[in-house]
Amino acid sequence: MKPASFVIFLLGGVLFGFGLANSRMIQPEVVLSFLRFQDFGLLLVLGGAVIVTLISYQLVPRMLKHPLLNTNAFETKRVPLNRNTIIGAAIFGIGWGLCGVCPGPTVGALGCG
């Protein structure tokens, strides 16, 4: 990986972590109150994430013929929904609901102590 790419990816990760901390998604109490349908503030965070993902996966590959930061070409990979995916998603969701901490925000929470 080129040093410039590393710096850009690092800054993107820091920005992502800051966004998670600023949205209070790193606090288990907030996540658990969202999962119990008591606080819908995280719905805006999730909606924003869906919009950014939609733009990233649908529009950017059409606009750019060659990736800016990575040497690999844009490509799509179709994977069928199978039993293992459903079981894995259920285990992930149950774990997230029990402890109120998703793996992504957990890494972001390390920077907040």
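This is a predicted model: local features need pLDDT of at least 70, side-chain atom pairs count only at pLDDT 80 or more; totals for chains, interfaces and linings use all residues.

Visitor: Why is Gly17 called buried?

Guide: Its relative accessibility is 16%. Buried means under 20%. Therefore Gly17 counts as buried.

Visitor: Where does Gly17 lie?

Guide: Gly17 is part of helix 1, which covers residues 3-22. In sequence, Gly17 and Thr106 are 89 residues apart. In space, their C-alpha atoms are 9.4 Å apart.

Visitor: How do you know that the span of helix 3 agrees with its number of residues?

Guide: Helix 3 runs over residues 41-63, which makes 23 residues. At 1.5 Å a residue, the span should be 33 Å. The end C-alpha atoms are 33 Å apart, so the two values agree.

Visitor: Where is the kink in helix 3 centred?

Guide: On Ser56, with a bend of about 30°.

Visitor: How much space lies in the second largest pocket?

Guide: About 270 Å³. The lining has 14 residues. Phe16, Leu20, Met25, Val45 and Ala49 are the closest to the centre.

Visitor: Which elements give two or more residues to that lining?

Guide: Helix 1, helix 3 and helix 5 (103-110) do. Helix 1 gives the most, with five residues.

Visitor: What makes up the lining of the second largest pocket, by nonpolar, polar and charged residues?

Guide: There are 10 nonpolar residues and four polar ones. Asp, Glu, Lys and Arg count as charged. The lining has no charged residues.

Terms used: Residues are numbered from 1 along each chain as its sequence is written. Side-chain values use heavy atoms; hydrogens and water are left out. Helices (H or I, at least four residues) and strands (E, at least two) are DSSP runs, numbered from the N terminus. Buried means under 20% relative accessible area, exposed over 50%, partly exposed in between (1.4 Å probe, protein chains only). The expected span of a helix is 1.5 Å times one less than its number of residues. The bend at a residue is the angle between axes fitted to the seven residues ending there and the seven starting there. On a 1 Å grid over the protein atoms alone, a cavity is a set of points where a 1.4 Å probe fits but cannot get out, and a pocket is an open set with protein on both sides within 12 Å along at least five of seven lines; lining residues have an atom within 4 Å of a point. Grid points are joined across faces, edges and corners, and a volume is the space filled by probe spheres set on the points.
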